[in-house]
Amino acid sequence: MQGFPNLFLVGPMGAGKSTIGRLLAAELQRDFVDSDHEIQGRCGADIPWIFDVEGEEGFRERERQIIEELTQRPEIVLATGGGAVISEANRRALRERGTVIYLYATVEQQLRRTAKDRNRPLLRHKDPEAVLRGLFEVRDPLYRATADLVIRTDRRGPKSVVNDILRRVTRLID
Ligand code: S3P
């Protein structure tokens, strides 16, 4: 679809950013890009390895560089990692270069959707629910401050979320 802005998805782990992003990109006939995948592809290693070897700081620097680059690509749908918004530089790049959508999910939902995933180093903890709650408190205000739209992803399926996003972004640009 022409004239449609870049769409940048933010939100916590387990909000469905990749699933929704892929569907949105298909609807809009655009490229879907996932910042975590790009980081892994360029580094030739997975995210747990990057955290183990370079620390969270090393990962955040890689994330900052990739977001700076990807937000300049035209006509994409970009899914960012759950922690992207903790960087002011990332928040600025996202806000200035596209329409930012916060995919809101409850902590219960995040926990359910991430339970079996071993690819998230921050959740390698004896109490992942407490981790998710702590992150939510800090990050929910940042997601909201960065986003043009807040979309709930609980209570309904991905297709309905995608339709809602398309409807609401269209209204924003009309
Ligand atoms: C992180 C979320 C992950 C990934 C990394 C750190 C976070 O991305 O970037 O493990 O800080 O919340 P997803 O939100 O895609 O799981």
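This is a predicted model: local features need pLDDT of at least 70, side-chain atom pairs count only at pLDDT 80 or more; totals for chains, interfaces and linings use all residues.
Biologist: Thanks! Why is Gln29 called exposed?

Modeller: Gln29 has 9 other C-beta atoms within 10 Å. The cut-off for exposed is 12 or fewer, so Gln29 counts as exposed. You will find Gln29 in the loop between helix H1 (17-28) and strand E2 (31-34).

Biologist: What makes the phi of Gln29 worth a remark?

Modeller: The phi of Gln29 is near 55°, which is a positive value in a residue other than glycine. Arg155 is another example, with phi near 70°. Arg155 sits in the loop between E5 and helix H7 (158-173).

Biologist: How do you know whether Arg155 is buried or exposed?

Modeller: By counting again. Arg155 has 9 C-beta neighbours inside 10 Å. Exposed requires 12 or fewer, so Arg155 is exposed.

Biologist: Now for Asp36, a residue in helix H2 (residues 35-43). Why does Asp36 count as buried?

Modeller: Asp36 has 23 C-beta neighbours inside 10 Å. Leaving aside its neighbours within four places in sequence, Asp36 is in contact with Ile47 and Gly81.

Biologist: And why is Gly82 called buried?

Modeller: Gly82 has 23 other C-beta atoms within 10 Å, and 20 or more is what the rule asks for, so Gly82 is buried. Gly82 lies in the loop between strand E3 (76-79) and helix H4 (88-97). With neighbours within four places in sequence left aside, its contacts are Gly11, Pro12 and Met13.

Biologist: What makes Asp36 and Gly82 part of a "binding site"?

Modeller: That label comes from UniProt, in an unreviewed entry, which places the feature at Asp36, Arg60, Gly82 and Arg139. In the model, the residues around the ligand include Asp36 and Gly82, along with Lys17 and Arg120. The shell divides into four nonpolar, three polar and three charged residues.

Biologist: Last one: how do you know that strands E1 and E4 pair?

Modeller: Pairing takes at least two bridges. E1 (residues 7-10) and E4 (residues 99-104) have four, in the parallel sense, so they pass. Within this pair, Phe8 stands opposite Val100 in E4. E4 also pairs with strand E5 (residues 149-152), parallel again and over four bridges. There, Tyr104 has Arg152 in E5 as its bridge partner.

Conventions. Residues are numbered from 1 along each chain as its sequence is written. UniProt positions are given in the numbering used here, feature names are shortened, and annotations may be inferred rather than shown by experiment. Helices (H or I, at least four residues) and strands (E, at least two) are DSSP runs, numbered from the N terminus. Two residues are in contact if their C-beta atoms, placed from the backbone, lie within 7 Å. A residue is near a molecule or strand if its C-beta atom, placed from the backbone, lies within 6 Å of it. Ala, Val, Leu, Ile, Met, Phe, Trp, Tyr, Cys and Pro count as nonpolar, Asp, Glu, Lys and Arg as charged, and the others, Gly among them, as polar.
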